[in-house]
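Reader: I am new to this one, and I would like to learn what the words used for it rest on. Please walk me through it.

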Amino acid sequence: MNSRKEAAATRKKAKRDKAIRAKTKLGLPDLEHARSAVLVSLRSPESQRSYRRSIDDFVCWYCSEPRLSFNKTVVTRYRIHLEDRLLAPGTINVRLAAVRRLAYEAADTGLLSPDLAAGIRRVKGAKKLGMRLGNWLTVTEARSLWQLPNAHTLKGKRDRAILAVLLGCGLRRSELIDLTFDHIQRREDHWAIVDLVGKAAHVRTVPMPDWVKETLDHWLSAANIRQGKLFRCVCRKGTVWGTEDTEKVVWHLVKEYAGRLGISKLAPHDLRRSCARFCHDSGGELEQIQFLLGHVSVQTTEKYLRCKQRLRGAVNDRIGIEPGL
């Protein structure tokens with residue numbers, strides 16, 4: 001009797017070990033299942049878009065050599081492949097983060113051995129040597145930019161309002177196009193964008209300067225918009241159509257007017273970065289700027305400010321212990 005139980009236990013263990021060994025290789029159905037699990041676990045549309053592209057690129061590379069096993073060595077080879085394509089370290093690290101997330105989900109659903117997933121987690125990312133320099137507008141450039149659209153046309157009024165909100169409130173493109181009438185409220189005797197859902201589903205309130213509110217009101221009054229999304233498409237005939245605008249429209253809009261001013265490589269996010277810099281130069285507290293932008297980490301806010309070390313009038317020139325005092 002005992003021998004039968006031992007034989008059954010041995011067969012069960014052998015079957016389990018065989019199943020575990022088989023899970024070192026993932027086919028397209030397994031990868032698609034793990035990919036869907038990753039995307040469902042992400043709440044932010046931006047994160048979903050980024051991870052979807054990163055995972056699709058990895059799956060395309062992985063399936064080009066179907067005999068490969070999904071393990072630490074393979075992911076390391078994939079990192080080398082990305083480096084050979086001369087991608088930026090930040091881009092490589094985003095791609096690797098998506099692959100690690102793919103391994104986690106595959107392990108959680110029983111498609112991949114937990115030991116292999118742990119090994120993939122230990123793959124080192126690309127080293128960042130220094131920091132890429134972003135674009136910051138000067139006060140004169142920013143003022144000229146948002147006042148450049150023709151204030152006598154419907155499209156010009158909309159474009160002015162979009163540029164004013166980007167520069168005056170420091171919003172992201174996705175946050176801008178999602179603005180509705182319900183967001184604009186009066187709080188503490190000041191206009192504000194209330195309960196704005198930003199990146200990673202973080203909720204914040206953004207103060208709105210009076211000049212931004214006036215510019216926005218000119219657009220809404222001319223477009224006869226009383227509810228729903230604040231920004232809509234404007235056709236060539238100069239009339240409003242549709243119920244919303246898109247991020248691509250905002251991107252091309254910023255590029256168009258920046259090109260007229262002779263400013264190259266200006267992106268909508270550069271207006272958000274410039275807003276932070278203007279607030280800091282005007283005496284704004286770092287903590288308040290962090291609240292304005294909705295950053296979880298203050299280090300991220302400091303990067304937006306592009307703080308430089310100052311030698312003339314340095315902070316330690318006069319600290320109270322100099323001789324003769």
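Reader: Which residues of α3 and α5 meet?

Author: From α3 come Ser50, Tyr51, Arg53, Ser54, Ile55, Asp57 and Phe58, and they meet Val94, Arg95, Ala97, Ala98, Val99, Arg101 and Leu102 in α5. Contact means heavy atoms within 4.5 Å. By class, this contact has eight nonpolar, two polar and four charged residues. Ala, Val, Leu, Ile, Met, Phe, Trp, Tyr, Cys and Pro count as nonpolar, Asp, Glu, Lys and Arg as charged, and the others, Gly among them, as polar. Please keep in mind that this is a predicted model: local features need pLDDT of at least 70, side-chain atom pairs count only at pLDDT 80 or more, and totals for chains, interfaces and linings use all residues. Residues are numbered from 1 along each chain as its sequence is written, and side-chain values use heavy atoms, with hydrogens and water left out.

Reader: How many helices and strands does the protein have?

Author: There are 14 helices and five strands. Helices (H or I, at least four residues) and strands (E, at least two) are DSSP runs, numbered from the N terminus.

Reader: What makes α3 and α5 roughly perpendicular, rather than parallel or antiparallel?

Author: The axes of α3 (residues 45-63) and α5 (residues 89-108) cross at roughly 80° and come within 9 Å. Axes are lines fitted to C-alpha atoms, for helices over the stretch in contact, and angles run from 0 to 180 degrees between N-to-C directions. Under 35 degrees counts as roughly parallel, over 145 as roughly antiparallel, 65 to 115 as roughly perpendicular and the rest as oblique. The two helices are therefore roughly perpendicular to each other.

Reader: And how do you know what to call α13 and α14?

Author: Helix α13 (residues 286-293) and helix α14 (residues 298-305) pack at about 95°, with axes 10 Å apart. They are therefore roughly perpendicular too.

Reader: Why is the pair of phenylalanine 58 and tryptophan 61 called tilted?

Author: Rings of Phe, Tyr and Trp (its six-membered ring) pair if their centres lie within 6.5 Å; planes under 30 degrees apart count as stacked, over 60 as edge-to-face and the rest as tilted. By this rule the count comes to seven aromatic pairs. Here the centres are 6.1 Å apart and the planes are at 35°, so phenylalanine 58 and tryptophan 61 form a tilted pair. Both residues lie in helix α3, three residues apart, about one turn of the helix.

Reader: What is the pair of tyrosine 62 and phenylalanine 70 called?

Author: That one is edge-to-face, with 65° between the planes and 5.9 Å centre to centre. Ring pairs link Phe58, Trp61, Tyr62, Phe70 and Tyr78 into a cluster.

Reader: Is tryptophan 61 buried or exposed?

Author: Buried means under 20% relative accessible area, exposed over 50%, and partly exposed in between (1.4 Å probe, protein chains only). Tryptophan 61 has 12%, so it counts as buried. Tyrosine 62, at 3%, is buried as well, and phenylalanine 70 is buried with 0%.

Reader: What about threonine 153?

Author: Threonine 153 has a relative accessible area of 34%, so it is partly exposed. This residue is found in the loop between α7 (139-147) and α8 (154-169).

Reader: What makes lysine 213 a charge over the ring of tryptophan 191?

Author: The rule asks for NZ of Lys or CZ of Arg within 6 Å of the ring centre and within 35 degrees of the ring normal. The charged end of lysine 213 sits over the ring of tryptophan 191, 4.2 Å from its centre. Likewise, the charged end of arginine 273 sits over the ring of tryptophan 136, at 5.4 Å from its centre.
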